[in-house]
Amino acid sequence: LMLGSVAEKVLRKATCPVVTVPPQAQFNVEAPFRKLVCAVDFSEWSLAGLDEACGIAEESRGSVTAVHVIEWPWNEQESPDLEGVPPEQAGALLEYRRYQETMARSRLDRVVADIGRDRSKVATKVLHGKPYVEILCAAEREHADLVVVGVHGRSSLDVFFFGSTTHQVVRRAPCPVLTLRH
């Protein structure tokens, strides 16, 4: 259920960036991180993570894939099944989805242009689903060497949920994960 108690405490309390290497991760100490995936939810912490990811990619002459995930309040796919939904509501739902995706893409492109500033190659992806699942899938698809996640400090009340997205990514990642507090 949980990470090892020492790793859990380090992730919660460290004031510096922390790299965790899950047991299943393929990791070569000598190789630079050249393919990075960075989770971006537009919080100041995720933007600091993107800045760090771009810096690492710049040093290693690598690339970053900035991933933003749209999680709908209801469990549905990227292309929803609208069978049985009255046409007017179906049209409104599709328009709302297009608006949300367009806004997310536009915002992600602006953030990447501002933070990336030609320091490294940065691709953007707007995905739909559970954030941790989509971040992990992106890491797999991109054959990532490193996943970067900016995290918000948590109170002791939030320990169990330690940023559930971050917690799940750290536990399940196919590669090392860099978590940063900002």
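1. Helices (H or I, at least four residues) and strands (E, at least two) are taken as DSSP runs and numbered from the N terminus. Under that assignment Y96 belongs to helix α3, residues 87-116. The protein has five helices and six strands, and its order along the sequence is α-β-β-α-β-α-β-α-β-α-β.

2. On provenance, this is a predicted model, in which local features need pLDDT of at least 70, side-chain atom pairs count only at pLDDT 80 or more, and totals for chains, interfaces and linings use all residues. Residues are numbered from 1 along each chain as its sequence is written, and side-chain values use heavy atoms, with hydrogens and water left out.

3. Burial is classed by relative accessible area: buried is under 20%, exposed is over 50%, and partly exposed lies in between (1.4 Å probe, protein chains only). Of the 182 residues in the protein, 45% count as buried.

4. The largest pocket holds about 380 Å³ of space. A pocket is defined on a 1 Å grid over the protein atoms alone, as an open set of points where a 1.4 Å probe fits, with protein on both sides within 12 Å along at least five of seven lines; lining residues have an atom within 4 Å of a point. Grid points are joined across faces, edges and corners, and the volume is the space filled by probe spheres set on the points.

5. The lining of the largest pocket comprises 20 residues, and A39, D41, P131, G150 and T165 lie nearest the centre. Two or more lining residues come from each of α2 (44-60), β3 (63-70), α4 (131-141), β5 (146-151) and α5 (164-172). By class the lining has nine nonpolar, eight polar and three charged residues. In this scheme Ala, Val, Leu, Ile, Met, Phe, Trp, Tyr, Cys and Pro are nonpolar, Asp, Glu, Lys and Arg are charged, and the others, Gly among them, are polar.

6. E44 is placed in helix α2. Its relative accessible area is 47%, so E44 is partly exposed. E44 and V151 are 107 residues apart in sequence, yet their C-alpha atoms are 9.1 Å apart in space.

7. Side chains of opposite charge can pair when their charged atoms come close. With a salt bridge taken as a side-chain nitrogen of Lys or Arg within 4 Å of a carboxyl oxygen of Asp or Glu, the count is five. One of them joins E71 and K130 at 3.2 Å, N to O. This pair links distant parts of the chain, 59 residues apart: E71 is in the loop between β3 and α3, and K130 is in the loop between β4 (121-128) and α4. E71 is partly exposed at 42% relative accessibility, as is K130 at 47%.

8. E95 and R98 meet at 3.1 Å, N to O; both lie in α3, three residues apart, about one turn of the helix. E101 and R105 meet at 2.7 Å, N to O. Because E101 and R105 are four residues apart in helix α3, about one helical turn separates them.

9. Y96, Y99 and M103 form a nonpolar surface patch with about 320 Å² of accessible area together. Such a patch joins nonpolar side chains (Val, Leu, Ile, Met, Phe, Trp, Tyr) within 5 Å, from residues with over 30% relative accessible area and no salt bridge. Areas come from the Shrake-Rupley method with a 1.4 Å probe, and for residues only the protein chains shown count as cover. Y96 has 40% relative accessibility and therefore counts as partly exposed.

How values were computed: Patch = residues over 30% accessible without salt bridge, like charges linked within 9 Å, V, L, I, M, F, W, Y side chains within 5 Å.
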